[in-house]
Amino acid sequence: MTTVREATLDVLRQCGMHRIFANPGSTEVAFLADLPDDLDFVLGLHEGSVVGMATGYAIASGRPAFVNLHTTAGLGNAVGALATARVNRAPLVVVVGQQDRRHLALEPFLAGRLEDLAGSYPVWVNQPVLPQDVPAAVRRAWHEAVQHQGPAIVVVPMDDWSAPVDPALGLAAPTTVLRAGSAPGPAADEVARLLDRAANPVVVVGAGADDRRTWDALVPLVERIGAPVWQEAFGARAGFPQDHPRFAGHLPAGRSRLRSVLDGHDLALVVGTGAFRQYPYEPGPLVPDGLTVAVVSADPDELHHSRADLAVLADPAALCAAVTGKLAPRQVEPATPARMTVVPPADGEPMRAAHVFTALAERLPRDVVLVEETPSTRPDLHRLLPAREPRGFVSAAMGGLGFGLPAAAGLRMGDPSRPVVAVLGDGSSLYGIQGLWSAARYGCGALFVILSNGRYAVMDRLADKVGGKAPWPAFDDVDVHGLGRALGCPARRVTGYPELLAVLDEVVPTLAGRTEPLLLDVPVVPEPHFEP
């Protein structure tokens with residue numbers, strides 16, 4: 001059995017941190033006792049001296065130095081020296097001891113309130129949520145210290161060191177980070193080498209790839225390697241043209257289905273997002289065995305919390321364009337795009353969300369900005385309403401409700417040249433319904449399509465999964481279009497599919513020049529299943 005301590009010492013070796021600068025305390029003994037012979041212990045008689053020595057070592061060697069500090073008193077004594085390290089741009093990885101996790105809630109002797117003790121001087125501070133997260137947190141601290149040129153702190157409860165490692169946990173840090181700078185150069189060479197070696201690569205895109213330059217760079221790269229392209233789960237924006245034959249869909253947000261999608265691929269190139277976003281936790285590995293993961297992003301935070309073998313900090317457009325020019329020719333089979341058809345409802349049959357999406361898909365212009373906040377029917381929306389232009393899809397990546405309605409007004413205000421359509425659940429709309437007043441007041445001519453099922457359908461389905469009765473009532477007595485009118489926004493209740501088609505045929509051609517918002521309140525039946 002490998003322990004968290006043994007795995008962390010391996011991280012120190014891999015990162016080239018073979019000296020431990022410390023003034024030991026009781027909360028650090030479990031980490032320091034029986035230190036292997038290939039790691040040197042350097043004693044300082046005061047924590048200020050410990051950090052001062054490590055700072056000098058980091059400056060002289062040009063790489064992060066490792067510091068181990070005692071809990072509150074040790075970190076407190078070191079704050080002045082940590083401030084100096086920050087201003088001196090000295091990268092330090094600082095592990096601070098903490099009392100035993102098992103009784104921290106009782107605030108035992110030597111328990112410290114450590115996260116904010118050094119103020120704003122650390123470049124990063126983290127207390128891992130699980131013991132198994134400690135090795136990855138130390139690796140991430142190394143990347144953060146290099147990236148931001150200062151001390152990065154990891155707080156580790158003393159009992160964490162003896163915990164067993166779990167290969168399905170503690171994944172949130174890449175093994176290697178390359179920084180491309182203004183010229184992709186060696187980083188592009190490395191990504192191209194991985195792609196050339198891969199027999200069956202796959203591409204995953206995210207919100208950080210949602211711009212014309214990156215789309216224009218990704219399309220030839222994807223066509224050159226013949227890879228399927230998946231959109232990240234719960235992405236805020238589209239990172240690739242979703243009507244392209246190589247677009248495969250949206251990644252599932254659970255581990256077992258994610259492994260199923262990625263199974264058979266030997267390389268995943270992730271562009272403009274982290275690897276990999278999930279929603280419900282599932283036990284087991286995150287990705288299938290044998291899959292190499294390379295992440296390209298301009299956001300260091302996305303890189304540093306990714307489960308990746310290689311992470312490249314670079315402008316995605318520039319990096320992808322450079323990689324394409326370095327790839328060896330390969331035989332590529334033509335792609336056949338998948339098509340989803342939805343049969344219209346029969347006479348008297350209630351509408352489903354998919355019927356509404358199909359009607360919109362047949363009518364909306366290519367340059368539409370689609371704003372989504374319909375959690376229970378999002379998968380169908382993704383399948384039926386692909387983003388065909390950059391900024392063609394906008395959603396709330398954080399998951400909180402109330403973003404979509406006011407965001408649609410702001411999107412129309414920010415770029416009146418593009419039509420804006422917001423598709424919202426009625427429950428979602430009620431979190432931001434006041435935005436209709438502003439949309440009307442300031443001439444934001446967006447179309448708001450409210451799918452009214454009179455309930456929090458996602459919450460109902462989640463309650464079904466845990467086998468419990470939902471205590472919350474339906475709210476099908478709420479008059480959404482009446483609320484819209486009360487707030488000064490024109491609103492219509494659409495009672496059937498033929499009326500929906502007629503209204504859309506009337507309204508959609510006016511969207512480009514529209515200065516008056518319109519709310520369509522469309523009753524739909526709740527979906528019986530929810531699988532993000």
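**Loops, helix pairs and buried faces**

E107 is found in the loop between β4 (92–98) and β5 (124–126). Helices here are DSSP runs of H or I with at least four residues, strands are runs of E with at least two, and both are numbered from the N terminus.

Before I go on, a word on the source. This is a predicted model, in which local features need pLDDT of at least 70 and side-chain atom pairs count only at pLDDT 80 or more, while totals for chains, interfaces and linings use all residues. Residues are numbered from 1 along each chain as its sequence is written, and side-chain values use heavy atoms, with hydrogens and water left out.

Back to E107. Its phi is near 50 degrees, a positive value in a residue other than glycine. Most residues other than glycine have a negative phi, and most peptide bonds are trans. E107 counts as exposed, at 53% relative accessibility. The cut-offs are these: buried is under 20% relative accessible area, exposed is over 50%, and partly exposed is in between, with a 1.4 Å probe and protein chains only.

D34 also has a positive phi, near 55 degrees, and is not a glycine. It sits in the loop between α2 (29–32) and β2 (40–43). With a relative accessible area of 74%, D34 is exposed.

A275 and F276 are joined by a cis peptide bond, with omega about -5 degrees. F276 belongs to the loop between β11 (267–271) and β12 (292–297).

D160, in the loop between β6 (151–157) and β7 (176–179), has a relative accessible area of 0% and is buried. Apart from neighbours within four places in sequence, D160 is in contact with V4, R101, P131 and V134; contact means heavy atoms within 4.5 Å.

F475 is in the loop between α16 (457–465) and α17 (480–486). F475 is buried too, at a relative accessible area of 12%. Not counting residues up to four places away in sequence, it touches D426, G427, L430, G454, R455 and Y456. For scale, the C-alpha atoms of F475 and A152, 323 residues apart along the chain, are separated by 49 Å.

F41 is in strand β2 and is partly exposed, with a relative accessible area of 36%. Leaving aside neighbours within four places in sequence, its contacts are I20, A22, P24, L32 and L35.

Next, two helix pairs. The axes of α3 (47–61) and α4 (72–87) come within 7 Å and cross at roughly 30 degrees. That makes α3 roughly parallel to α4. Axes are lines fitted to C-alpha atoms, for helices over the stretch in contact, and angles run from 0 to 180 degrees between N-to-C directions. Angles under 35 degrees count as roughly parallel, over 145 as roughly antiparallel, 65 to 115 as roughly perpendicular, and the rest as oblique.

On the α3 side, E47, G48, V51, G52 and T55 meet G74, N77, A78, A81, L82 and A85 of α4. By class, this contact has 5 nonpolar residues, 5 polar and 1 charged. Ala, Val, Leu, Ile, Met, Phe, Trp, Tyr, Cys and Pro count as nonpolar, Asp, Glu, Lys and Arg as charged, and the others, Gly among them, as polar.

The second pair is α6 (185–197) and α10 (316–324), with axes that come within 9 Å and cross at roughly 55 degrees. α6 and α10 are therefore oblique to each other, and the crossing is right-handed. A187, A188, V191, A192 and L195 in α6 meet L319, A322 and V323 in α10. The contact of α6 with α10 has 8 nonpolar, no polar and no charged residues.

In α18 (497–507), the buried residues are Y497, L500, V503, L504 and V507. Down the axis of α18, these fall within an arc of 120 degrees, so they line one face of the helix; the arc is that of the directions from the helix axis to the C-beta atoms. An α-helix has 3.6 residues a turn, so residues three or four places apart point the same way. The buried residues of α18 pack against α11 (353–361), β17 (447–452), β18 (491–493) and β19 (518–523).

What about α11 itself: how many of its 9 residues are buried? The count is 8 of the 9, so α11 is largely enclosed by the rest of the structure. They are A353, A354, H355, V356, F357, T358, A359 and L360. These pack against α12 (378–384), β16 (420–425), β17, α18 and β19.

Definitions and conventions:
Left-handed = near helix turned anticlockwise from the far one by under 90°.
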